[in-house]
Amino acid sequence: MSPTTANIIAKLASEHNLSDAELLTLLTGTEDGLNEQLACAADKLRRQYYGDKVYIRGLIEFTNYCKNNCYYCGIRAGNSLAERYRLSQEEILACCAEGYKLGFRTFVLQGGEDLYYTDDKICSIVSAIRRQHPDCAITLSIGEKSRASYQAYFDAGANRYLLRHETADAEHYAKLHPASMSLENRKRCLFDLKEIGYQVGSGFMVSSPYQTPQTLLSDLRFLQELQPDMIGIGPYITHEHTPFKDRPSGTLEQTLRLLSMLRLLFPYALLPSTTALGTIHPEGRELGLKAGGNVVMPNLSPVGVRKKYELYANKICTGEEAAQCRGCLEARVRMAGYNIVTDIGDVRRTLE
């Protein structure tokens, strides 16, 4: 590790910002020990803000229908081989009830942009969860909507929203999405959500097709502008039924490096160690926690539909019951040197 690189890491850890040139040095560096040094600094900082706590979010993947045709996604509208499903309100509530018994205090309702679930249906589901579990956080991850729709969900009881921007470079965005989608609208959605009062999560894929160090720099700068509460990143993983089926998947090393950099740039942030990390490496989620992550999202979806929610290939944990998933992750988190906690896990913006 050269003195220059070590100084850049120390500066990032203390100032939580760097020049473009310094960020690019870290993004492109090939020195031995770079990832380890970043992870060490990131873990030290996350412990100052969150101790050894790891927050669990119960993930309910309630529909794999989607009107969009994103070129990287396995549940894209154009994938005629996807086996589609929708969960009823009763099924979703049953997932929440089971999750509550297992200690979950945050539920994440994730799905494709499915027009079957009108605003009235979403509001009915959210209101029912809020009535049954008033002490829980309700997170939605259902894509781009109008500001009025977001306001309606918020008024019904949703208080968090996850919407990854995927890339903050417009030219890159156009290479990953059809012309019907725009980065401008995606950003509009994120700022609408913040203004309404949601705790907002954004993020991006690592090593997506056509990604460059410069587009990654744009991602980091956009996140600094947005200042989200949660930042979700994970490696791009190829799916055979997409236009990108011949593209290589992202690497563990680059994802871990970016996780550490995000912790140092956003010391307060809630950073998931994702299922995608666990998919590309058997200890990926544990390594993600050691690199600065402090959130895990076990699956509460019914076992019968888990394999069908296939955004990417070879997704893990598709055959486990919710209790198995929870127990397995708890043991893994403990082995990594952290402890799962069952409170709702709000963001901690300051140390005071």
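How are H2 and H9 oriented to each other? That was my opening entry, and I looked it up in a predicted model.

**Helix pair**

I started with the geometry. Helix H2 covers residues 20-28 and helix H9 covers residues 213-226. Their axes sit 10 Å apart, and the packing angle is about 120°. Angles of 65 to 115 degrees would count as roughly perpendicular and those over 145 as roughly antiparallel, so I put H2 and H9 down as oblique to each other. I also noted the hand of the H2 and H9 crossing: right-handed.

Next I wanted the residues that make the contact. From H2 I wrote down Asp 20, Leu 23, Leu 24, Leu 27 and Thr 28. H9 brings Pro 213, Gln 214, Leu 216, Leu 217, Leu 220 and Arg 221. Sorting the residues of this H2 and H9 contact gave me seven nonpolar, two polar and two charged.

**Two glutamates**

Then I moved on to Glu 286, which I found in helix H12, residues 284-290. Is Glu 286 buried or exposed? I got 12% relative accessibility, and buried means under 20%, so Glu 286 counts as buried. Setting aside neighbours within four places in sequence, I have Glu 286 in contact with Arg 332 and Ala 336.

Glu 283 was my last stop. I placed Glu 283 in the loop between helix H11 (275-280) and H12. Its relative accessibility came out at 46%, so I logged Glu 283 as partly exposed. Arg 332 turned up again here: its C-alpha is 8.6 Å from that of Glu 283, with the two residues 49 apart along the chain.

Conventions: Residues numbered from 1 in each chain as written. Predicted model: local features only at pLDDT ≥ 70, side-chain atom pairs only at ≥ 80, totals over all residues. Heavy atoms only, no water. Axes fitted to C-alpha atoms, helices over the stretch in contact; angles between N-to-C directions. Helix = DSSP H or I, 4+ residues; strand = E, 2+ residues; numbered from the N terminus. Parallel < 35°, antiparallel > 145°, perpendicular 65-115°, else oblique. Left-handed = near helix turned anticlockwise from the far one by under 90°. Contact = heavy atoms within 4.5 Å. Nonpolar A, V, L, I, M, F, W, Y, C, P; charged D, E, K, R; others polar. Buried < 20%, exposed > 50% of the residue type's maximum accessible area, 1.4 Å probe, protein only.
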